[in-house]
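User: I have a structure open and would like to go through it piece by piece. Could you take my questions as they come?

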Amino acid sequence: MISAEEFLSQLPQQNPPDPPLPESGSDSDSAKSISEELQTGSDTAAVQNSDKYAAGTNASSVTSEEWNSTDSRASRMKSPESNLLRPAEENRCQEAALRLLDAAPRSSGALRQRLIDKGFEEHTVDRVIDRLTDSQLIDDETYAKAMVHYCLSRQLGEFGTRRELLKKKVGQGLIDTCLEQARQDGLFDQALQELAVKIAKKTRGLDRKVRLRRFWSAGARKGHNLEAIKRYSSYVSGTDNMTDDLASLTSDDSHNSRFSRVSQFDGD
């Protein structure tokens, strides 16, 4: 008599039945469907991220530092997603604006004039300027402050600085604000003092009248007011008497017209 284990071991080995075959074409259709779903989901995510990027919100793969960088802002301006939504003329105008900004910093007014001179319509230019300002690629306040410091480095006075800012198409209100701050900080007096010292060194050994004339002429050309020029004449003449300095200059009739122009400029 044999045991149960021995009996089972003597039975022939049987392979497990094969799984039922799918109907013809079902595998390929299923795989194709899954692939399409994955591709659709990937495309949707990509579009959502590009929309966030164009709208100004951080996509998951963009850090705040990258988003706020100048290069990133410029790349957003050139992104295909945003360009496709704008007229071709506006895209060309924007490209021209970016090239101008790459060449040199500009105020919004100066950039606007350059674009109009290139033949772009005013309403197109205004939209581009607004977009560049929103992206902080144009900052009139920062530009104006930088221009004021540049003018001061050339020993320009308040009127001379105002003249330069107007040439650069900076807004009148912003000019007034920047000049008022510089005046309160004493920066124009400091610039005139530097000019007086510079003229005094260059004219050392010359006649006192000649030295004063050159200082007053330089001060007027650089846009300093008459009262300030009077105060700093002693740096050039070597005296502390402003009345004598002015009398010494105005006693020469050949130069009366020059100082008349200075007075008129001071009143502008």
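User: How many residues does helix α13 have, and what span does it reach?
Analyst: Helix α13 runs over residues 208–221, which gives 14 residues, and from its first C-alpha to its last it reaches 20 Å, close to the 20 Å expected at 1.5 Å a residue. The expected span is 1.5 Å times one less than the number of residues, and helices here are DSSP runs of H or I with at least four residues, while strands are E runs of at least two, numbered from the N terminus.

User: Before I go on, what sort of model is this, and how is it numbered?
Analyst: This is a predicted model, in which local features need pLDDT of at least 70 and side-chain atom pairs count only at pLDDT 80 or more, whereas totals for chains, interfaces and linings use all residues. Residues are numbered from 1 along each chain as its sequence is written, and side-chain values use heavy atoms, with hydrogens and water left out.

User: Back to α13, which of its residues are buried?
Analyst: The buried residues of α13 are R211, L212, R213, F215, W216, S217, A218, G219 and A220. Buried means under 20% relative accessible area, exposed means over 50%, and partly exposed lies in between, with a 1.4 Å probe and protein chains only.

User: And what happens at the two ends of α13?
Analyst: At the start of α13, a side-chain oxygen of D207 comes to within 3.0 Å of the backbone nitrogen of K209. That is a polar contact, a pair of N or O atoms within 3.5 Å in which, within protein, one must be able to donate a hydrogen and the other to accept it, and residues adjacent in sequence count only if both atoms are side-chain atoms. Just after α13, G223 takes a positive phi of about 85°.

User: Which residues other than glycine have a positive phi?
Analyst: Among them are Q136, with phi near 65°, and Q155, with phi of about 60°. As background, most residues other than glycine have a negative phi.

User: Where do Q136 and Q155 sit, and are they buried or exposed?
Analyst: Q136 lies in the loop between α8 and α9 and is exposed, at 56% relative accessible area. Q155 is placed in the loop between α9 and α10, and at 12% relative accessibility Q155 counts as buried.

User: Switching to charges, how many salt bridges are there?
Analyst: The count comes to 12 salt bridges, where a salt bridge is a side-chain nitrogen of Lys or Arg within 4 Å of a carboxyl oxygen of Asp or Glu.

User: Which partners does R112 meet?
Analyst: R112 forms a salt bridge with E122, at 3.4 Å from N to O. That pair links distant parts of the chain, with R112 in helix α7 (residues 108–117) and E122 in helix α8 (residues 122–134), 10 residues apart. R112 also forms a salt bridge with D126, the closest N and O atoms being 2.7 Å apart. This second pair again joins helix α7 to helix α8, with D126 and R112 14 residues apart.

User: What about D176, which residue does its side chain meet?
Analyst: The side chain of D176 meets that of R162 in a salt bridge, at 2.9 Å from N to O. D176 lies in helix α11 (residues 172–184) and R162 in helix α10 (residues 158–167), so the pair ties together parts that are 14 residues apart in sequence. D176 is partly exposed at 36%, and R162 is partly exposed at 23%.

User: Where does the first RecX annotation fall?
Analyst: According to the unreviewed UniProt entry, "domain: RecX first three-helical" covers residues 95–132. Over residues 95–132 the chain is 79% helix and 0% strand, with the end C-alpha atoms 11 Å apart.

User: Last one, how many disulfides does the structure hold?
Analyst: The structure holds zero disulfides, a disulfide being a pair of cysteine sulfur atoms within 2.5 Å. As for cysteines, C151 is buried at 0% relative accessible area, and C178 counts as buried at 8%.

Methods: UniProt positions renumbered as here; feature names shortened; annotations may be inferred.
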